[in-house]
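Colleague: I have a few questions about this one. Can you take me through the packing step by step?

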Amino acid sequence: MIIVEAIEKYFGNVHAVRGVSFELAPGQITGLLGPNGAGKTTTIRMIVGYYMPDRGRVLIEGKDTRTAGAAARARVGYMPESTPLYSEMRAEEYLDYRARLFGMKRALRRQRVATVCDRCGLGKLATRRIGALSKGYRQRVGLASALLHDPPVLVLDEPTNGLDPTQIVEVRALVRELSKERTMLVSSHILPEVERLCDRVIVMSGGRVCADGHPWEVGRGSATDSQEYVVECRLGDQVNEALLLERWARVPFVQSIERRGENRGEWASYLIKSKAGGPDLREAIAAGAVHCGALVRELRRVEVSLEVVFSRLLAGEDARGGTGEGAAKP
Amino acid sequence: MRTAGTIALRELAGYFRQPAGWIIIALYLLLCGVVFITSVLVPGRAASLRDFFALSGWLLLPVVPAISMRLIADELRSGTIEQLLTSPVSSLSLVVGKYLGGLGFIGAMLIPTIIYPALLFAYSSPSPSVGPMLTGYLCLLLLGSVYLALGLLVSCLTSNATLAFMVTLFAMLGVLFLPMAAEVAPPRLASVLAGFSIGPRVVDFSRGALDTAHLLFFILVSSWLILACAAVMEVRRWR
């Protein structure tokens, strides 16, 4: 369980994080999104105890990072962005060193190092010098290091950064498996990655949280001004297209209707946009088509991708002047 | 503090895994050899390492900054400090571990110099006294300890190892020139500067005098500098 309560962070005159609050429960993967300078890394660093918040507090499994720092840090597994490691050490030697820092006894260390090497697919490469490993394998060493002490909270900063497609699929599966018994926070700028992996997304911009919810909810909630529906129906000789369009135009909240592409025989496709705050219009659109005698082959609401939502949210923040001050990282 | 030991061992092993560690040892032994030949191995002179130890402050001058510069600065540059500071290790354990690792390396560097007293014992008649040699080595270790703590503090303040080397070197030079500064300073300041001077203490040690005041001076200054390092690391979290 991670509880973040109104944390703020200044770097000199730069107000990097401004009153960020959220709670993360176990068994859930939460994605932290935002452009460069949004305050993601600073927020993550305050959660893992690398920085202390200037105001507010962070509780890790009930332990305050300010007053019980070591106890809080002992409950977090953290994989920083770009996975800094000691290149002159062998992977298993590095993991053993990390296990010592977490106070593990020799027998437990051996067992945990073997377990995480196996779980992260390090195999025989665990005996190689870290400097001689590929970026993907160094990433695995970083992940193994984060899992070493079997922490209840895992914070992964760009976990699939630099991995090839096969490795991405493997890491994604591993993260999903790990999330069953843990609280997980994953920072990423790869939006499809977050959409696929996370149960919840928190979007940050200008040091603030500007959206928080299920990826789908975030998509809908912030895109109420642009709900779109695609309708494909057969007009035939009996259907008056003008009447059909007029019928649809009379449906409350319909803003515009566009014909999409060329006619494909007697089939026609339309894009209907609704106004902000409207209900689901699919029933009304279908009823209008049936009333005019048109046979509907397809009727769907266009799901707004997180990428679209993300750029809209950021455009909104820019319009409010929100991204200016938070764009600095020490 | 068990974690300090873990960090110290990793640090010590790290010096021997990289060519830089071996080059530092070679450089120091070369300097020692030059001093031994020119100031000790002089025909007709009494068998004594007094001059050798008296010059020890200067011998450590280029070597200790090279040892201390990477202690924290390298971690800051490479980002591995993030892994250290997010593990349940206190800032004090971290700097003590780093310091002990560096001190262990200085100790390892001094071991081959035992050949010089061994040569004196083997070939000189009458044999040299053991006392000044033991206090001389203790002095080298204590001096190295103060310089290392100073270098560690500088290393905490920058992620640039070269800058850490240069600043430590000039700070050490400043410490060595304190007695000269004391001569020209106003009387009140002169007494303070003289109190912090290292040169006269090194001379006492090389004569074989084990003064507890000198011993305490080296231990307290090193401890104070280590605590300052821990404070700097803690401030990094809260800045």
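**Cores, a helix and a contact**

Modeller: This is a predicted model. The largest nonpolar core has 131 residues, and those touching the most other members are Ala144(A), Val155(A) and Leu152(B).

Colleague: Which helix gives the largest share of this core?

Modeller: Nonpolar side chains tend to be buried together in soluble globular proteins. Here one helix of chain B, covering residues 130–157, supplies 14 residues of the core. That is the largest share, and the helix is α10 of chain B.

Colleague: Which residues is Leu152(B) in contact with, leaving aside neighbours within four places in sequence?

Modeller: Contact here means C-beta atoms within 7 Å. Ser68(B), Leu71(B) and Ile72(B) are among the partners of Leu152(B).

Colleague: How far does helix α4 of chain A reach from its first C-alpha to its last?

Modeller: Helix α4(A) runs over residues 106–119, which is 14 residues. At 1.5 Å a residue, 20 Å is expected. The helix comes close to that, with a reach of 20 Å.

Colleague: Why are the buried residues of α4(A) on the same side?

Modeller: The buried residues in α4(A) are Arg112(A), Val113(A), Val116(A) and Cys117(A). They are on the same side of α4(A) because they cover an arc of only 130° around the axis.

Colleague: What do those buried residues pack against, and which exposed residues does the face turned away carry?

Modeller: The buried residues of α4(A) pack against α3 (91–101) and α5 (135–147) of chain A. The face turned away from the buried side carries exposed residues: Ala107(A), Gln111(A) and Asp118(A).

Colleague: Which residue just after α4(A) takes a positive phi?

Modeller: The phi is about 70°. The residue is Gly121(A).

Colleague: What separates the centres of domain 1 and domain 2 of chain A?

Modeller: The domain assignment gives domain 1 as 2–221 and domain 2 as 224–302. Taken over C-alpha atoms, their centres are separated by 46 Å.

Colleague: Which helix supplies the largest share of the side of chain B that touches chain A?

Modeller: The contact takes 19 residues from chain B and 20 residues from chain A. In chain B, α1 (2–17), α7 (80–85) and α15 (212–238) each supply at least two residues of that side. The largest share is five residues, and it comes from α1(B).

Methods:
Residues are numbered from 1 along each chain as its sequence is written. Chains are lettered from A and ligands numbered from 1 in the order in which they are written. This is a predicted model: local features need pLDDT of at least 70, side-chain atom pairs count only at pLDDT 80 or more; totals for chains, interfaces and linings use all residues. Two residues are in contact if their C-beta atoms, placed from the backbone, lie within 7 Å. Helices (H or I, at least four residues) and strands (E, at least two) are DSSP runs, numbered from the N terminus. The expected span of a helix is 1.5 Å times one less than its number of residues. A residue is buried if 20 or more other C-beta atoms lie within 10 Å of its own, exposed if 12 or fewer, and partly exposed in between; C-beta atoms are placed from the backbone. The arc is that of the directions from the helix axis to the C-beta atoms. Domain bounds come from an automatic or database domain assignment. A nonpolar core is a set of buried Ala, Val, Leu, Ile, Met, Phe, Trp, Tyr and Cys residues joined through C-beta atoms within 7 Å.
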